[in-house]
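Trainee: I have a structure open and would like to learn how to read its features. Could you take me through some of them?

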Amino acid sequence: MAMDAITIIHAIFTILVLLPITTFSISSTSQSQSQINSNSILVALLDSHYTELAELVEKAMLLQKLEDTVSVHNITIFAPKNQAFFDPDFKRFLLEPRNLNSLQTLIMSHIIPTRIGSKTGSARHRTLAGDHHHLRLQTNSTTTDTQWTVDGACITHPDAVTRPDGVIHGIDHLLVPRSVQDDFNHRRSLRSISAVKPEGAPEVDPRTHRLKKPAPPSNPGSQPALPISDALAPGPAISPAPAPGPGGPHHHFNGEAQVKDFIQTLLHYGGYNEMADILVNLTSLATEMGRLVSEGYVLTVLAPNDEAMAKLTTDQLSEPGSPEQIMYYHLIPEYQTEESMYNSVRRFGKVNYDTLRVPHKVVAQEADGSVKFGDGDGSAYLFDPDIYTDGRISVQGIDGVLLPPEEVKDETRVKAGQPAKVVVKQRRGKLMEATCWMLGTIGQHSSFTSCQ
């Protein structure tokens, strides 16, 4: 029994002594394997002139996975040139945090876990992303030159960088997998757009001003069923019913909230405080605009900046109703953006836009690479485009206050300051006319001056 106890104690002592040594050796081995060699192909990629690809590799957080791959077997990297990343939208899409999976798939589709030299012929290889690349040797019939391609991309610099654990071949453009291309094409869906989708007004009977039937879905930017003058007329039965929309418990457009939103945007944008003050305090236009938007109409506001509003004289604003009339001339019952207005004036030269100050219209034309409104001294240029656009209200900043041209005076009206030439025609009585007629029949008409 004593010998058995001594044997057990000796075994326990041996285990306690050797266990730390074994643990230390295992940890040191794993650390040595996790450390990357300075002569690795990954270090060469990060230090090479393929800076765009190296940046995406770091952004994709794939260095640890690539280090593990290199530790197992050699790799081949098809590195696109920096000019291949010419599309800023595609690069912005890849660098968005929510598209990390697409970025990693794109990077791994350029890496093959096999060393492929420049002397290799046609073959089919599997990438780290799971797809396959076809390498082909093509001979030009005219020049008899051999060209090496991988899925349509020309390998312009074979064996650009060689290391013991891998090789880099330079190609002329990106190898975009189908899944990444589909994600990029479907990146702008209606669910991800925060703006309100424009919807047209419901179908209304112009005789009774009542709904005929539920309006079918209409295209964005479609014209209202009734002219906007009907909505401005007094009376509850004149304006059409609210258009269906997503902004409210009854699924109607919340015009008041949208008008408050764009006025708040003007204040935060800066330089349009006078315009916001007139809409809210001096007039009731904000309420009217909210009612129009709630009823399904769209508006484009030509907003003069503070410098332009400061040029208005006291006489122009002191007359009753003059601020409203000035602002009505700056409201267009259409949804226009900088791009749509500029394309219109480029194509048609001069464009007349209806305003809420009926029957006056705003004339727009191209000038100095921008859109010019009005003519002569009363003209204004598009200064701050697309300050606010939500699909129903568009606000375009201009550098002047637009005033409607004076109405053409009647040509028959006598101009002020010129003396009028009045010709007085003598009137004769009926008896004198009968007498002169009788004298004329007997040849004595010329003897009386009154008959001449």
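Trainee: How exposed is Arg-92, buried, partly exposed or exposed?

Mentor: This is a predicted model, and in it Arg-92 has a relative accessible area of 48%, which makes this residue partly exposed. Asp-89 is partly exposed as well, at 35% relative accessibility.

Trainee: Which residue does Arg-92 form a salt bridge with?

Mentor: The general idea comes first: side chains of opposite charge can pair when their charged atoms come close. Here the partner of Arg-92 is Asp-89, with the closest N and O atoms 2.8 Å apart.

Trainee: And how does helix 5 place the two residues?

Mentor: An α-helix has 3.6 residues a turn, so residues three or four places apart point the same way. Arg-92 and Asp-89 are three residues apart in helix 5 (residues 88-95), so about one helical turn separates them.

Trainee: How many salt bridges are there in total?

Mentor: The count is seven. Another one of them joins Arg-291 to Glu-295, where the closest N and O atoms are 3.8 Å apart. Arg-291 is partly exposed at 37% relative accessibility, whereas Glu-295 is buried at 8%.

Trainee: Where does the salt bridge of Glu-366 and Arg-346 sit?

Mentor: That salt bridge has its closest N and O atoms 3.8 Å apart. The pair links distant parts of the chain, with Glu-366 in strand 11 and Arg-346 in helix 15, 20 residues apart. Glu-366 is partly exposed, with a relative accessible area of 35%, while Arg-346 is exposed at 52%. There is also a network, in which salt bridges that share partners join Glu-52, Glu-55 and Lys-91.

Trainee: Which residues of helix 15 are buried?

Mentor: In helix 15 (residues 338-348), they are Met-341, Ser-344 and Val-345. Seen down the helix axis, these buried residues fall within an arc of 90 degrees, so they line one face of helix 15. The face turned away from the buried side carries exposed Glu-339, Arg-346 and Arg-347.

Trainee: What do the buried residues of helix 15 pack against?

Mentor: They pack against strands: strand 10 (350-354), strand 11 (361-367), strand 12 (370-373), strand 13 (380-389) and strand 14 (393-398). Following helix 15 is Gly-349, whose phi is positive, near 85 degrees.

Trainee: In what order do the strands of the open sheet run?

Mentor: Its seven strands follow the order 2-1-7-6-5-4-3, with mixed pairing. Strand 2 (111-112) and strand 3 (123-126) stand at the edges with a single partner strand each, so one side of each has no neighbour in the sheet.

How values were computed:
Residues numbered from 1 in each chain as written. Predicted model: local features only at pLDDT ≥ 70, side-chain atom pairs only at ≥ 80, totals over all residues. Heavy atoms only, no water. Pairing = 2+ DSSP bridges. Helix = DSSP H or I, 4+ residues; strand = E, 2+ residues; numbered from the N terminus. Buried < 20%, exposed > 50% of the residue type's maximum accessible area, 1.4 Å probe, protein only. Arc of directions from axis to C-beta. Contact = heavy atoms within 4.5 Å. Salt bridge = Lys/Arg side-chain N within 4 Å of Asp/Glu carboxyl O.
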